[in-house]
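Please have a look at the model below, and keep it open while you read.

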Amino acid sequence: MLNVALPKGRLGERVYSMFARAGLECGGVLEPGRRLIFENPRKGVRYFWVKPSDVAIYVERGAADLGAAGKDILLENEPDVYELLDLHTGACRMAVAARADFRDNPDRTLRVASKFVHIAQNYYAAKGRDIDIIRINGSVELAPILGLSDVIVDIVETGTTLKENNLRVLDTVVSISARLIANKASFKFKNGQILEIMRAMTAMTEAEQ
Ligand code: PRP
């Protein structure tokens, strides 16, 4: 049985459709409801819905052989998994943003609020900039507005959230998209099947480019 962890939400639905097109369809996965686990014994595949930020943990620990995770999660948590393929979906970017009237003073320690503290720390370390990192779990855009931080490092997709809160992008840290990831032992022991899925998905993403 091949176990696949899908991130709950639109991204996971798109990723499941890619698996289905690769020949691993499974009844019920896309039907609305609270069920979390779906199996197609004939095809030897089992899907389960997990919180997007948890996919890599399921895969790293071997509870899932394969999964789809955003590059943001992979950069932030550095799970011990193989990153097999850019799925070219769920595209967005990690960016530094601040209030429109923000003027940086390089002599001062920069206060940075983010859910992605590791990514933010690496970004500023590469620039040799001292920062005071403030871990925030959501509504990060509030931090510079309320004076909790000078800037934020966060995901920007359409830019609407920034715009509606009078914030502007100062720099792009990294481009983000969904990646197909594999458990390292599974990649070895289920290699033929996984390579077949990779081939099918590569063909799909190339056809869509
Ligand atoms: C992300 C991010 C921004 C928003 C950006 O939050 O933290 O708040 O999306 O999208 P936009 O550029 O299209 O406006 P998400 O919706 O993932 O929720 P979260 O804060 O719970 O992570």
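Predicted model: local features only at pLDDT ≥ 70, side-chain atom pairs only at ≥ 80, totals over all residues.

Residues are numbered from 1 along each chain as its sequence is written, and side-chain values use heavy atoms, with hydrogens and water left out.

## Two domains

The domain assignment gives domain 1 (2-91 + 176-208) and domain 2 (92-175); such bounds come from an automatic or database domain assignment. Nine residues from domain 1 and twelve residues from domain 2 take part in the contact between them, where contact means heavy atoms within 4.5 Å. The table collects the values for this pair.

| Domain 1 and domain 2 | Value |
|---|---|
| Separation of centres, over C-alpha atoms | 30 Å |
| Buried area | about 860 Å² |
| Share of buried area from carbon and sulfur atoms | 53% |
| Salt bridges | zero |
| Residue pairs in polar contact (both at pLDDT 80 or more) | five |

Helix 3 gives the most to the side of domain 1 that touches domain 2, with four residues.

A few terms from the table: buried area is the accessible area (1.4 Å probe) that two parts lose on being put together, summed over both. A salt bridge is a side-chain nitrogen of Lys or Arg within 4 Å of a carboxyl oxygen of Asp or Glu. A polar contact is a pair of N or O atoms within 3.5 Å; within protein, one must be able to donate a hydrogen and the other to accept it, and residues adjacent in sequence count only if both atoms are side-chain atoms.

## Helix 4

Helices (H or I, at least four residues) and strands (E, at least two) are DSSP runs, numbered from the N terminus. In helix 4 (residues 117-127), Val117, Ile119, Ala120, Tyr123 and Tyr124 are buried. They lie on the same side of helix 4 because they cover an arc of only 165° around the axis, taken from the directions from the helix axis to the C-beta atoms. Buried means under 20% relative accessible area, exposed over 50%, and partly exposed in between (1.4 Å probe, protein chains only).

The buried residues pack against helix 3 (71-77) and several strands, including strand 6 (92-99) and strand 10 (167-176). On the face turned away from the buried side sit the exposed Ala125 and Ala126. Just after helix 4, Gly128 has a positive phi of about 70°.

## Gly90

Gly90 is in the loop between strand 5 (82-86) and strand 6. Its relative accessibility is 28%, so Gly90 counts as partly exposed. Leaving out residues up to four places away in sequence, Gly90 touches Leu11, Arg14, Ile176, Ser177 and Ala178.
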